[in-house]
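Please examine the sequence and the 3D structure shown below.

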Amino acid sequence: MAKKKKRQGHYCRICGEYKANERFSGKGHAKHICKECAALPQERKNELQYISQIDRIAGEYPRSRQDWEFLEKMSKNKKYPEAMDFAQMVLNMSRSQSDPEENDDNDFEDWQEKLSFSEFDEFAKGDIESAIEEDIRDFIFSVNELPTEKDKDEILKYICKNMAFGEGDILVLNKELSVLFDSILKEVVLDLEKDDDEDL
Ligand SMILES: [Zn+2]
């Protein structure tokens, strides 16, 4: 956004634009929301805010773990389709920029061992299980649906790529991990149903 160059007036955290003082109401000033944005429905406000957050992250390298997680989360959040498309685009761009052929990290990966879930020690197994459970819960919570096979694949890929183990080992995405995912998903679903029953 070229407009950011001119830092006059006030920043609106919803549309991400700098606008003159008079474009903010008294209350809007404190909240950093311009008059136009203040008049929007809450859903739209949320979405615009997510979009300007993604826009900020898009221009940032290297990105923090939170930023990556935010992008991953938004890319699956069907509640905000525009933000979802944008997050997917930013993620795809980031992926194509780090093609395996020209990846400088290749040397680094050579000494890392690729292990199946069962080859890790008890502590690492616990970490992996809770990462999967957490991601399943996040997914169900944000999308309000159970993960499809494709979602499952993405969640597991993400975990394999981002989980760091003491010795620099890498978790391999294989049948074993996929079966583990299914059993954790089953537990989470049972757990959620139990919660629902208790709420009644
Ligand atoms: Zn605004």
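This is a predicted model: local features need pLDDT of at least 70, side-chain atom pairs count only at pLDDT 80 or more; totals for chains, interfaces and linings use all residues.

Residues are numbered from 1 along each chain as its sequence is written. Helices (H or I, at least four residues) and strands (E, at least two) are DSSP runs, numbered from the N terminus. A residue is called buried if 20 or more other C-beta atoms lie within 10 Å of its own, exposed if 12 or fewer do, and partly exposed in between, with C-beta atoms placed from the backbone.

**Nonpolar cores**

- A nonpolar core is a set of buried Ala, Val, Leu, Ile, Met, Phe, Trp, Tyr and Cys residues joined through C-beta atoms within 7 Å.
- The largest nonpolar core has 18 residues, and those that touch the most other members are Cys37, Tyr50, Ile51, Ile54, Met74, Ala83 and Ala87.
- Two or more residues of this core come from each of α3 (42-58), α4 (65-74) and α5 (81-97), and α3 gives the most, with 5 residues.
- Domain 1 (9-40) and domain 2 (41-97) each supply at least three residues to this core; the domain bounds come from an automatic or database domain assignment.
- Another core, of 10 residues, lies apart from this one and includes Ile155, Leu156, Leu171 and Leu177.
- Not counting residues up to four places away in sequence, Ile54 touches Leu71, Met74, Ala83, Phe86, Ala87 and Val90, where contact requires C-beta atoms, placed from the backbone, within 7 Å.

**Helix α8**

- The buried residues of α8 are Lys152, Ile155 and Leu156.
- Seen down the axis of α8, these buried residues fall within an arc of 95 degrees, so they line one face of the helix; the arc is that of the directions from the helix axis to the C-beta atoms.
- Lys150, Lys157 and Lys161 are exposed on the other side of α8.

**Loop residues**

- Glu17 is placed in the loop between β1 (10-11) and β2 (18-19), and counts as partly exposed because it has 17 C-beta neighbours inside 10 Å.
- Glu17 and Ser52 are 35 residues apart in sequence, and their C-alpha atoms are 9.2 Å apart in space.
- Pro62 lies in the loop between α3 and α4, and the peptide bond from Tyr61 to Pro62 is cis, with omega near -10 degrees.
- Asn144, in the loop between α7 (122-143) and α8 (149-162), is a residue other than glycine with a positive phi, near 65 degrees.
- Asn144 is exposed, because 9 other C-beta atoms lie within 10 Å.

Technical notes
Two residues are in contact if their C-beta atoms, placed from the backbone, lie within 7 Å.
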